[in-house]
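User: I would like to go through this model with you and ask, for each label, what it rests on.

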Amino acid sequence: MITFRKHDTATCPDCGSSLVYGTKEESSGWKVFYECNDRCGFEQMTGWVKLSEVDHRDELQKHAREMGERWAGP
């Protein structure tokens, strides 16, 4: 199960609503996903964070948040 968090500035490229992001733990790291908070249909696996890149879950969330900056408004 993926728990999603609202991104502060990222907006959906399809409808303009806010985006949420979540991580899914795998054996060697985490997959990062972004979805439209209004469920317009936009969803994307945005990237991967390796176990070796983070020491704490807070660092994981920081990496995941940064991956959404490409959809951040001006």
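**Labels and their grounds**

Analyst: Glu 35 touches Phe 4, Ser 18, Leu 19, Val 20, Phe 42 and Glu 43, leaving aside residues up to four places away in sequence, where contact means heavy atoms within 4.5 Å. This is a predicted model, in which local features need pLDDT of at least 70 and side-chain atom pairs count only at pLDDT 80 or more, while totals for chains, interfaces and linings use all residues. Residues are numbered from 1 along each chain as its sequence is written, and side-chain values use heavy atoms, with hydrogens and water left out.

User: Why is Glu 35 called buried?

Analyst: Buried means under 20% relative accessible area, exposed means over 50%, and partly exposed lies in between (1.4 Å probe, protein chains only). Glu 35 has a relative accessible area of 17%, and therefore it counts as buried. Glu 35 lies in strand 3, strands being DSSP runs of E with at least two residues and helices runs of H or I with at least four, numbered from the N terminus.

User: What makes the pair of Glu 35 and Arg 39 a polar contact?

Analyst: A polar contact is a pair of N or O atoms within 3.5 Å; within protein, one must be able to donate a hydrogen and the other to accept it, and residues adjacent in sequence count only if both atoms are side-chain atoms. The side chains of Glu 35 and Arg 39 are paired at 3.3 Å, so the distance falls within that limit.

User: How do you know whether Arg 39 is buried or exposed?

Analyst: Its relative accessible area is 63%, which is over 50%, so Arg 39 is exposed. Arg 39 lies in the loop between strand 3 and strand 4, and it has a positive phi of about 60° although it is not a glycine.

User: Why does Ser 17 count as buried, and what does its side chain contact?

Analyst: The relative accessibility of Ser 17 is 15%, under the 20% limit, and therefore it counts as buried. Ser 17 is found in the loop between strand 1 (4-11) and strand 2 (18-26), and its side chain makes a polar contact with the side chain of Asp 38 at 2.5 Å.

User: Why is Phe 42 called buried, and where does it lie?

Analyst: Phe 42 has a relative accessible area of 12%, which is under 20%, so it is buried. Phe 42 lies in the loop between strand 3 (29-36) and strand 4 (43-50), and it touches residues including Cys 12, Leu 19, Tyr 34 and Trp 71.

User: What makes Glu 59 partly exposed?

Analyst: At 32% relative accessibility, Glu 59 falls between the 20% and 50% limits, and therefore it counts as partly exposed. Glu 59 is found in helix 1 (residues 57-67) and touches Glu 53 and Val 54, not counting residues up to four places away in sequence.
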